[in-house]
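Hi everyone, thanks for coming. Let me put the model up on the screen, and then we can walk through it together.

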Amino acid sequence: MTVQNPKSINVISFFMNKPLADNETGASLYYSYPPNYDSLLFIGAIANNRPSDIFHPGFALNPTVNTLQEIKLVIELKPLSEIQLNV
C-alpha cells in the first residue's frame with residue numbers, strides 16, 4: 001500500500017478481521033521507501049494471541065522518511081519464530 005506524506009502519520013492501527021489459520025503464524029508490518037523500495041524496515045507484528053496493536057512509527061522524526069513524498073507499507077505473513085527475531 002502506498003502512503004502519501006508519511007511524516008503526517010503519527011499512529012498506525014494494525015488489526016485482523018479474522019484469526020489466522022495457524023497459531024504459529026503472524027503478520028509483520030514493514031515500510032519501504034523510494035527510489036527502489038528494496039528494503040523492508042520492521043514496524044511491528046500481530047498474531048492470533050495479539051490480533052491488534054497500535055504502532056507509533058516516528059516518521060516525522062526520521063530524517064530518512066520525513067522528507068519523502070511517499071512510502072510503501074508491506075504486510076508479510078511468516079512464522080512467529082522469524083518475527084520474534086525482528087523485535
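This is a predicted model: local features need pLDDT of at least 70, side-chain atom pairs count only at pLDDT 80 or more; totals for chains, interfaces and linings use all residues.

Residues are numbered from 1 along each chain as its sequence is written, and side-chain values use heavy atoms, with hydrogens and water left out.

So, how do the residues of the lining of the largest pocket divide? There are eight nonpolar, three polar and two charged. A pocket here is an open set of points on a 1 Å grid over the protein atoms alone, where a 1.4 Å probe fits, with protein on both sides within 12 Å along at least five of seven lines; lining residues have an atom within 4 Å of a point. The volume is about 200 Å³, taken as the space filled by probe spheres set on the points, which are joined across faces, edges and corners. Of the 13 lining residues, the closest to the centre are Ala45, Ile46, Leu80, Ile83 and Gln84. Strand E4 (41-47) gives the most to this lining, with five residues.

Helices (H or I, at least four residues) and strands (E, at least two) are DSSP runs, numbered from the N terminus. Strands pair if DSSP finds at least two bridges between them. Strand E6 (residues 70-79) is joined to E1 (residues 2-4) by three bridges, antiparallel, and Thr2 stands opposite Lys72 there. Eight bridges join E3 to E6, also antiparallel, with Gly26 opposite Lys78.

Now let's look at Ser32, in strand E3 (residues 25-32). Is Ser32 buried or exposed? Ser32 counts as buried because its relative accessibility is 2%; buried means under 20% relative accessible area, exposed over 50%, partly exposed in between (1.4 Å probe, protein chains only). Its side chain reaches the backbone oxygen of Ser39 at 2.7 Å. Among the residues Ser32 touches, beyond four places away in sequence, are Tyr37 and Ile71, with contact meaning heavy atoms within 4.5 Å.

Tyr37 sits in the loop between E3 and E4 and has a positive phi of about 50 degrees although it is not a glycine. Pro35 lies in the loop between E3 and E4, and the peptide bond from Pro34 to Pro35 is cis, with omega near 15 degrees.

Definitions and conventions: A polar contact is a pair of N or O atoms within 3.5 Å; within protein, one must be able to donate a hydrogen and the other to accept it, and residues adjacent in sequence count only if both atoms are side-chain atoms. Ala, Val, Leu, Ile, Met, Phe, Trp, Tyr, Cys and Pro count as nonpolar, Asp, Glu, Lys and Arg as charged, and the others, Gly among them, as polar.
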